[in-house]
Amino acid sequence: MSVLCIMSLLPATPAMADNPIVQTIYTADPAPLVHNGRVYLYTGHDEDGSTYFTMRDWRVYSSTDMANWTDHGSPMSLATFAWADANAWAGHVAYRNGKFYWYVPVRNRRTGGMAIGVAVGDSPTGPFRDALGRPLVENNEIDPNVLIDDDGQAYLYWGNPRLAYVRLNNDMISYSGGITYIQLTGAGFGTRNGNPSRPTLYEEGPWVYKRNGLYYNVFAAECCSEFIAYSTAPSATGPWTYRGTIMPRQGSSFTNHAGIIDYAGGSYFFYHNGALPGGGGFTRSVAVEKFTYNADGSIPTINMTTAGPPQVGTLNPFVRQEAETVAWASGVETEPSSEGGMNVGYIENGDYLKVKGVAFGNGATAFTARVASATSGGRIELRLGSATGTLVGTCAVNGTGGWQNWTTVTCPVSGATGTRDLYLRFAGGGGYLFNVNWWQFTGSALPSTP
């Protein structure tokens, strides 16, 4: 069944639910990157109904408020790497020299083993192209992660069952010296009992970063099911000291995979679970929590929530907003738009989009949307607070002769003031109704209070 059908099982009005971040597909293995005041989130994509790690492409999302996320689609897939034939697994993106380098593990068609490739793009949302035409590293291991140290030296870490690194050159697509395998000890990575072949808690998914002079290695620990643990060190190469658990075992997925950033004065912990309908160990979803480091730099215990982090600021409805910028989507999917970017599609009666913290100020007077329909269309109901909340406007959408034949519709709005959660609820007859590319309100943009 498509995600469209799966998502129809979601609650009608998840008022407090903003986790998982993406509801239109299954996502996994989050890799956040802060660039020019925006958070870019790179993920894997679990195919619907998977009974293994069936993954063929990677996805990109972004946010400026940690609540509403824009879907940028898939700028990279297995087809990007002509030498790869399967397993578009957990990757990581680093920015350097004005370019974005995406390191990913894939299966080498020639050898049948896992290898790490690197793609490069001029924009954080791609497109990305194979930088080498061959693997960067090949030793049948997974989960690459990059740290660029303060002295400019970049390190590429990876590994399951081993933990390894190389020193990347300034070009970020080659390295100097050989592969260094970090000695896994109980003191460095915790002690595991009952598995002589894996004497420490380290399992996979290293996320290495530096903060306030201390190096952190956050990793998935002791499968299965995994929890998230971490170690710290005085340098990028160790020696590592085990510090304990960050996120206990929870979340209906036997794997987990972490990413940590600081953004807009807060610290954020990304992970995945099986929280969406149909979710599980092979159909995972990315989520995020805000946290505060302890005074000594240690990381507190973090539990999964459905609420997610508080919103940073508000969203301005008086500038054009992409329809695929949402805090929650129910019943819909996204797809590439003929006008560029993505659009929201596969809309049926009762589906909706939630946009969090919309600052209407002294009031909106009109609503405009870019729409297309190969059928007879339907209606966009503008509601506040919930999908069944106060109705402040209704826009009729007529047939346009095609799902990508775009037109603009406008309707009056009354009663949209202050800062509210906006719900675009879709109504009409049976089947698919229409697509939405973007929307914008007209009215006062003066500051308001919630």
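Trainee: Which residues do ring pairs link into a cluster with Trp58?

Mentor: Bear in mind that this is a predicted model, where local features need pLDDT of at least 70, side-chain atom pairs count only at pLDDT 80 or more, and totals for chains, interfaces and linings use all residues. Residues are numbered from 1 along each chain as its sequence is written, and side-chain values use heavy atoms, with hydrogens and water left out. Rings of Phe, Tyr and Trp (its six-membered ring) pair if their centres lie within 6.5 Å; planes under 30 degrees apart are stacked, over 60 edge-to-face, and the rest tilted. By ring pairs, Trp58 is linked with Tyr42, Phe81, Trp83, Trp102 and Phe128.

Trainee: How many aromatic pairs are there, and what kind do Phe53 and Phe282 form?

Mentor: The count comes to 32 aromatic pairs. In the one formed by Phe53 and Phe282, the centres are 4.9 Å apart and the planes make 75 degrees. Those two residues are 229 apart in the chain, with Phe53 in the loop between β2 (38-46) and β3 (55-63) and Phe282 in the loop between β20 (266-273) and β21 (285-291); strands here are DSSP runs of E, at least two residues, numbered from the N terminus. The pair is edge-to-face.

Trainee: Is Phe53 buried or exposed?

Mentor: Buried means under 20% relative accessible area, exposed over 50%, partly exposed in between (1.4 Å probe, protein chains only). Phe282, at 22%, is partly exposed. Phe53 is at 17%, so Phe53 counts as buried.

Trainee: Which strand gives the most to the lining of the largest pocket?

Mentor: On a 1 Å grid over the protein atoms alone, a pocket is an open set of points with protein on both sides within 12 Å along at least five of seven lines, a cavity is a set where a 1.4 Å probe fits but cannot get out, and lining residues have an atom within 4 Å of a point. The largest pocket has a volume of about 500 Å³, meaning the space filled by probe spheres set on points joined across faces, edges and corners. Among its 23 lining residues, Leu33, Val146, Leu147, Val208 and Tyr209 are the closest to its centre. The top contributor, with 5 residues, is β15.

Trainee: What is the volume of the largest cavity?

Mentor: There are 2 cavities of 30 Å³ or more. Of the 15 residues lining the largest cavity, the closest to its centre are Thr24, Trp69, Asp71, Glu324 and Val326. Its volume is about 120 Å³.

How values were computed:
Helices (H or I, at least four residues) and strands (E, at least two) are DSSP runs, numbered from the N terminus.
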